[in-house]
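Hi everyone, thanks for coming. Have a look at the structure on the screen, and I'll walk you through a few spots.

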Amino acid sequence: MSARPDRTPLPRSFFDRPVLTVAPDLLGRILVRRTEEGPIELRITEVEAYAGESDPGSHAYRGRTARNASMFGPPGHAYVYFIYGMWFSLNLVCGPKDHASGVLVRAGEITVGAELARKRRLSAKNDMELAKGPARLATALAVDRSLDGTDLCAGPGSLLSLLTGASVTSDQVGNGPRTGVGGAGAAHPYRYWIDGDPTVSPYRAHVPRRRST
């Protein structure tokens, strides 16, 4: 019988560590999204690390902009960005302030509020698909740019927070290159997932986008 998830909020010190330490440690944690309709909770099953200005795959590789300002800290805040003119993605800022590292929450299992997530994810074939991939996850949890910069450690009134959840042992953790990242950052093994979990998204190599002529 598995232990019940620990509902203790994660402190800011959890996020104030190197990104490659925080990323695999987020697996099994509980992400809480508080909406006007009620709370939605997600057990994190897949993440990707982005190491800021030293990482060619990171939005912060070329420095601070209006879009990526939240990545520069302090730790324990959300960085939400819009991609492909259609989707939002949720990242958790970690490491020391001004370092600009963060972890993309790629997938998870909705454990509370699935009925709310289903209303936003009408195309999902089953509950395991509700948050299977970063765009689906953001849609299911009603995450958009209005949540950019949200303090995850602000207490029970925060629209986003992290709970301790249930621990994942090292032998349960898969590791490999990030999905859809091209160029010099393509081979970085910064993606982590819970092996065998049905909510983990499939790996896809980067495919260059064609420019319209």
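So, a nonpolar core here is a set of buried Ala, Val, Leu, Ile, Met, Phe, Trp, Tyr and Cys residues joined through side-chain atoms within 4.5 Å. Buried means under 20% relative accessible area, exposed is over 50%, and partly exposed is in between, with a 1.4 Å probe and protein chains only. Keep in mind that this is a predicted model: local features need pLDDT of at least 70, side-chain atom pairs count only at pLDDT 80 or more, and totals for chains, interfaces and linings use all residues. Residues are numbered from 1 along each chain as its sequence is written, and side-chain values use heavy atoms, leaving out hydrogens and water.

Okay, the cores. The largest one has 41 residues, and Ile 110, Leu 141 and Leu 162 have the most contacts inside it. Strand E3, residues 38-50, gives the most to this core, with five residues (strands are DSSP runs of E, at least two residues, numbered from the N terminus). Another core, of ten residues, lies apart from it, and Phe 72 and Tyr 79 are among its members.

Now, how many disulfides are there? Zero, by the rule that a disulfide is a pair of cysteine sulfur atoms within 2.5 Å. Cys 94 is in none, and its nearest cysteine sulfur, in Cys 153, is 12 Å away. That's too far for a bond. Cys 94 is buried, at 1% relative accessibility, whereas Cys 153 is partly exposed, at 22%.

Last stop: Glu 129 sits in the loop between helix H3 (114-120) and helix H4 (134-140), helices being DSSP runs of H or I, at least four residues. The backbone nitrogen of Lys 125 is 3.2 Å from a polar atom of the Glu 129 side chain.

Key: Polar contact = N/O pair within 3.5 Å; in protein donor to acceptor, adjacent residues only side chain to side chain.
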